[in-house]
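My entries follow the order in which I checked things.

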Amino acid sequence: MDLHLDLSGTRGHRDEIYRQIREAVLDGRLRDGDVLPPTRELAHRLAVSRTTVTAAYERLTAEGFLTGRVGAGTYVRAGAARPAEPAGLAEGVQPRPEWTDVPAPPKAFTTPPEFDFRAGVPDVRLFPFDTWRRLTTQALRSSRAELMTYGEPQGDPRLRAELARHLAVSRNVRVRPEHLVITVGAQQTIDLVARVLLRPGDLAAVEDPGYPPPRLLLGTLGVRVAPVPVDDEGIVVDAIPPGTRLVHVTPSHQYPLGVAMSPSRRRALLDWAEDNGAVVVEDDYDTEFRYSGRPLEPLHSLDSHGRVVYVGSFSKVLSPALRLGFLAAPPALAEAIVKAKYLADWHSPGIEQAVVAAFIAEGGFARHVRRMRGIYRARHDLLVDGLRAEFGDVLDPVPASAGLHLSASADRDLRGFARAASGAGVRLFSLGDFSVTARRHGLLFGYGAIAAERIGPGLARLRRVLDG
Ligand SMILES: Cc1ncc(COP(=O)(O)O)c(C=O)c1O
């Protein structure tokens, strides 16, 4: 560990080295197991005698901050309590008030609950780890230095070419690679589109109930956000307020209800966008998993006026940890969005993009989708049967033919129940968590993360919680 020590202006070098290392351990800059430089090297770097450094190390070792073995180096032995932060620091620079309305972000999903019915989480145990390892090794072996330098803000050209072909074949989304932008997840697409199109005070509309992050993000940009009701045909276009400049929708599988936007509603939304000079962000976040029926034409394919930004994500189909998503921009927007991407974070991670491109090119992506679709379909069917058996008297599942979760309506607020279930080892969201003004009651049952054989026991546990 290359710890910065500053002896300028100090006289007692031994004490100062001791004090600065001790402080670094206490405030967490140095952590348990970090290796300190050998005494000879540190003495040389600080232009002091080796005995001075050795004496400081010996004192720290005696006090339990360091541990050393001859020939194996000197290590930090943390565990000492961290001192309290000086009181004045908390009164320093403050964020804009908009940020106080944003709830704390979720913690990592790394420790799953006993029964995981959280919506939107794929089964990462079935991630194609072996193929990934092979393709990553290949990329690093053959693709050389160009992967390690700054890449194209718009995204890896090979990935954009593969993706354009894949989208045309699997979704009838016809887009030229030069109009695709690779992002760090679907969420970033909202940020980029809003930056190039909206000013503070402009009006945007989101589905209610809906996926909260786009609404929250737009709010932090100073955009006014109107929640618009959703019925069983999708967003109620007639309820979009006049003056709206951007609408975010999930037409394939409405989040959270699960309904698909009807063909007539799709037409109405596009006509509305055309009449109002607005943009429609079509979030096709989990479209790969369709279990029955023909997929409806995406808004993007129906749009002949350049009003739709089509958005996809690799989070559900592969892994959210990749942080890769994309957008297909209307031609007139593409250049500005690429500039916004460059200014936001230059580009998405290069190695991951190269590996996804190779995965699609060799046919592994399509095979993975087919395999996962079969697995998720079986879980979906088990869940529908289980809900009927265990909760027929309380919950009314909303029919859905796609995605990774199923919603079920109830005639009372179940937010408290969902919290109680969490205490009993069953994690799930309630519809109320996704409503702004809509009074939708019910629960969401994700089946991405839970293995088929856990669904029955999970529902039984949930029923016991309900029966108190
Ligand atoms: C409606 C919707 N859009 C997008 C995403 C995925 O976002 P990202 O690609 O940023 O992981 C989710 C994930 O839960 C979602 O529910």
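Before the first entry I note that the domain bounds I use come from an automatic or database domain assignment, and that the model is a predicted one.

Entry one, the second largest pocket. I looked up its volume, which is about 450 Å³, and then its lining of 25 residues, of which His166, Ser170, Arg171, Val369 and Arg373 are the closest to the centre of the pocket.

Entry two, the origin of that lining. I found that helix H5 (157-171), strand E11 (308-313) and helix H12 (364-391) each supply at least two residues, and that the largest share, 8 residues, comes from H5. Sorting the lining of the second largest pocket by kind, I recorded 11 nonpolar, 6 polar and 8 charged residues.

Entry four, the cavities. I counted 4 cavities of 30 Å³ or more in the structure, and for the largest cavity I wrote down a volume of about 40 Å³. The largest cavity is lined by Val206, Glu207, Gly210, Tyr211, Pro212, Arg215, Phe434 and Val436, with strand E6 (203-208) and helix H7 (212-220) each supplying at least two residues of the lining. By kind, I listed the lining of the largest cavity as 5 nonpolar, 1 polar and 2 charged residues.

How values were computed. Residues numbered from 1 in each chain as written. Predicted model: local features only at pLDDT ≥ 70, side-chain atom pairs only at ≥ 80, totals over all residues. Heavy atoms only, no water. 1 Å grid on protein atoms, 1.4 Å probe; cavity = no way out; pocket = protein on both sides within 12 Å on 5 of 7 lines; lining within 4 Å. Points joined across faces, edges and corners; volume = space filled by probe spheres on them. Helix = DSSP H or I, 4+ residues; strand = E, 2+ residues; numbered from the N terminus. Nonpolar A, V, L, I, M, F, W, Y, C, P; charged D, E, K, R; others polar.
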